Amino acid sequence: MATEDGKIPDSSAPEGTAPGDSVPGATVPAKAAPAESPQDVQAADVALDTAGGLHEPSLVPVSSQSGDVGHKQGNVLQQIMMGSGFVSILAVVVALVLGGLLIASTDSDVARTAGYFFGRPSDFLGALWSAMTSSYVALFQGAVFNPRQGFLPLLETMTVATPLICAALGVALAFRAGLFNIGAQGQVIISATAAAYAGFAWHLPSVVHLIVVIVMGIVGGAIWGAIAGVLKARTGAHEVIVTIMLNYIALFFLDFLLNTPAFRRPGENTPISPRIDESAAYPPLIPGSRLHFGFIVVVLLTIAVWWLLNRSTIGFEFRAVGANPAAARTAGVKVPLAMILAMAFAGALAGFGGVAQVAGTEKVLTGGIAAQIGFDSITVALLGRSTPWGTFFAGLLFGAFRAGAVQMQIQTGTPIDIVLVVQSLIVLFIAAPPLIRSIFGLNPGRKKNKPARPARRSAVATATGGAK
Amino acid sequence: MKLELKGISKAFGTFYANQDIDLVVEPGQIHCLLGENGAGKSTLMNVLYGLYEPTAGQILLDGRPVNFRGPGDAMAAGIGMVHQHFMLVPVFTVAENVALGAETTTFGGVLSIEETRKKIREISAQYGFHVDPDALVEDLPVGVQQRVEIIKALVRKAKVLILDEPTAVLTPQETDELLDIMRQLRDGGTSIVFISHKLREVKAVSDVITVIRRGRVVGDAPPTAPTTELASMMVGRPVSLTLNKDPAAPRETTFVVTDLTVRAPNGTTVVDGISFDIAQGEILAVAGVQGNGQTELTEAILGIQEHVTGSVTLDGKELLGLPVKDVLGAGVGFVPEDRSVDGLVGPFSVAENLVLDLYDKAPFANGISMNPSKVHEHARTKIEEFDIRTPSPNAAAGTLSGGNQQKVVMARELSRPLRLFIASQPTRGVDVGSIEFLHRRIVAERDVGTPVMIISTELDEVMELADRIAVLYKGKLVGIVPSGTPRDTLGLMMAGVGPEGGHHGH
């Protein structure tokens, strides 16, 4: 739609001006382009380059690494985050198949039978199949059901998924408001810190204590999220950069705190906090498993976020700001306020994740309290297409990967890391929907109607300009 | 050169943008393609220019079939195209722009611009273009930029020149100059394909008119055909082009703008000390070439411009400094200039867009809880009332045609009691039939006693609707004149010449 927005340069110049006469300042300043600014593009580049702060930025800027970063980046991001759920499912399938091939390639039986592939291909194919299936069967047994433990592994999956879904809901909510929240990690850390402090330092009656712990966690996360929102709304600082930096600040702040007397467990040299009180912990949900009350909270949160987004005026504003801030502003929505609020909500949701870690599974505060939850949550939200229930089930899937991987390594010797590979492949395929579509032949007519390359851009431009 | 299109069809998926189109452009003729927005004119020309490959059909030049794989082929065969949106590099000079893509070089690949300069001067002198080859394109008025585009085509020895909606961006005077240039080119033997939906120009300049509707040729007509007949051919049903509105019955003056000044972030003054008022039951139309401060004026009233001084009062209440929500709450209905940017949220459903600024008011919301059934009900009523062509209220607004999108915005803004109605380009991109309807709605709003402010760059629309006409030029108010003011006077005012002959602006 570039031509729709494109202002004809200098249309205000007077009719009779002699050619060559410069008309200073006659060009009407273009309105703030709502779609994207150069900062947006840059920030998106950085986010992609560092995997959301996971790696150090590379020396060569991303924009120089490939030929085609730039103009439509913002829209591409939106497409990736909110594309069709069908692509998500296909991406998981393809990633599992590729992951299976990778597993098979390290299998000794497969390697042996490959030696006489042309003699007896059935041996090779059989070995390939059994290598792939045995690993995934082990994964399934570790994550959902096995005859020995029954459905106990499924409960473990749900336990692992609990904080992940919370943080991912935050990422999804912010994204619906047009904000790319990379800061779930920092928000989880801060909320876990606040919640843990309330858990071990204050001694309160049982129900009250847990509520106080939860509130502390939410407030901590919300504040950490709102900082990015305020900076974005008031100064225009890009939320991707700000949240990445806030992640580092949170991480090192926690490291610092764990070395202060207020947080360090008495008599310990390692940076670890005292255990939180029993009254501060989520009650276990099913005896014999680690599953705790936090999972019920997650289900309620998912419903709440769905309601907020689809049935409330606040969600209407969030979505309007996310989809078209210019129109939202014209319709009277206070865009800066919506941004701050969306980030605070996102932080609060991540805060529930921090609380689930502290009051649910870990019961102590360590430097690694947030593990990879904040970063995985971005992938989960991505896989869930930024919808609350999509995020919920994507979170369960990732929980299953994590829970089942251990069993897989024990049973078949397949390294845990293969799960990371599968997760990464999922992201890769979701980020490249055309790839998935072409693998499954879902691109009808694309080749047929493909005009010459230089022609295409102007063709689209004139087509949209003319065809109303 | 004789150009023939035989049975051209172009399909996008199952949708046929062009179906079985036959067209013969004789040498030395101005052949007009008349049709509504979305009728398939531009698609057809893009096929001819090699941008699209036709699904079926043949293009013949002087009887020989040709097959263009891209604009390069088309240019080499002698077809030139001036797009609706210019394809010029603003920071290049005229000569550099003309040379771009067909540079002459001397030994060792050194660019020789002198040759191009000479050709530009020749063509410029031949047709009276008054174009300086060394001027920077960004400094040139739009009309001159358009001539640069024409020169580009002529330098490449175009025998057939396609002009796609060339008058959309011009003042009436510039338009007249362009029509003159077209006649000269025709007399010099160039064939011209002139694409337009403006009947006045088409009748003034064409030798043959071909009307296209929904991708098919409806028929040919001579330029002497009556305007109403051409219009009904375009739309496919009888249309009335004149709006029979009663004379205004202005009552109390409730909307007053005093000394309104808007500064752009870079410090330039874009609206300069404007004062006017509108009475209840009166339409004030603001005319002017695009980009003379109209956008900023309306946005300042709505409260989304910063650096605004002066005063805007509605019913005695000051609006400046209020948040947008409160301005809308004071009863201002606002149709923004660019509906796709400011008026609609594309991914939202039609129903949601119809409550985009009412979502938190009863009956659509109760506290922070929205009521989807009420939103839906509202959508069904408005879709019916405004004849919005949408597959369902749940369809994304971005998938509707431009005209239907505009109807969504108009329906929303006219669906509550108003104290002031401001509409920028209320009918841009809307088909002739719907224009009629929307104009009636605007007049109906006036007749219930709302002060109405219309901003339009279409002089026809201004003259049709206005009870008084204000003309803006470079952010200043050139003057306010009564509705019967002749076209020529208005045209001069749009170029900065005051109604008494004084020159404003500089």
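This is a predicted model: local features need pLDDT of at least 70, side-chain atom pairs count only at pLDDT 80 or more; totals for chains, interfaces and linings use all residues.
**A walk through chain A**

Helix α10 of chain A is followed by Gly236(A), a residue whose phi is positive, near 85°. Helix α10 covers residues 206–235 of chain A, 30 residues in total. From its first C-alpha to its last it reaches 43 Å, close to the 44 Å expected at 1.5 Å a residue.

Now step back to the chain as a whole. Chain A is divided into domain 1, made of residues 81–143 + 415–435, and domain 2, made of residues 150–398. The C-alpha centres of domain 1 and domain 2 of chain A lie 32 Å apart. Where they touch, domain 1 of chain A gives twelve residues to the contact and domain 2 of chain A gives ten residues.

Which helices supply at least two residues each of the side of domain 1 of chain A that touches domain 2 of chain A? They are α4 (73–82), α5 (85–105), α7 (121–143) and α18 (417–431) of chain A. The largest share of that side, four residues, comes from α18(A). By class, the side of domain 1 of chain A that touches domain 2 of chain A has six nonpolar and six polar residues, with no charged residues.

The axes of α6(A) and α7(A) come within 8 Å and cross at roughly 165°. Angles over 145 degrees count as roughly antiparallel, and α6(A) and α7(A) are therefore roughly antiparallel to each other. The crossing in which α6(A) passes α7(A) is left-handed. From α6(A), the contact is made by Asp109(A), Val110(A), Thr113(A) and Ala114(A), and from α7(A) by Asp123(A), Phe124(A), Ala127(A), Leu128(A) and Ala131(A). These contact residues of α6(A) and α7(A) divide into six nonpolar, one polar and two charged.

For another helix pair, turn to α9 (residues 184–201) and α15 (residues 335–362) of chain A, whose axes are 7 Å apart and which pack at an angle of about 50°. That angle makes α9(A) oblique to α15(A). The crossing of α9(A) and α15(A) is right-handed. On the α9(A) side, the residues that meet α15(A) include Ala184(A), Ala192(A), Ala195(A), Ala196(A) and Gly199(A). Among the partners in α15(A) are Gly347(A), Gly351(A), Gly353(A), Gly354(A) and Ala359(A). The residues of the contact of α9(A) with α15(A) divide into ten nonpolar and eight polar, and no charged residue takes part.

Conventions
Residues are numbered from 1 along each chain as its sequence is written. Chains are lettered from A and ligands numbered from 1 in the order in which they are written. The expected span of a helix is 1.5 Å times one less than its number of residues. Domain bounds come from an automatic or database domain assignment. Two residues are in contact if their C-beta atoms, placed from the backbone, lie within 7 Å. Ala, Val, Leu, Ile, Met, Phe, Trp, Tyr, Cys and Pro count as nonpolar, Asp, Glu, Lys and Arg as charged, and the others, Gly among them, as polar. Axes are lines fitted to C-alpha atoms, for helices over the stretch in contact, and angles run from 0 to 180 degrees between N-to-C directions. Angles under 35 degrees count as roughly parallel, over 145 as roughly antiparallel, 65 to 115 as roughly perpendicular and the rest as oblique. A crossing is left-handed if the near helix is turned anticlockwise from the far one by less than a right angle, and right-handed if clockwise.
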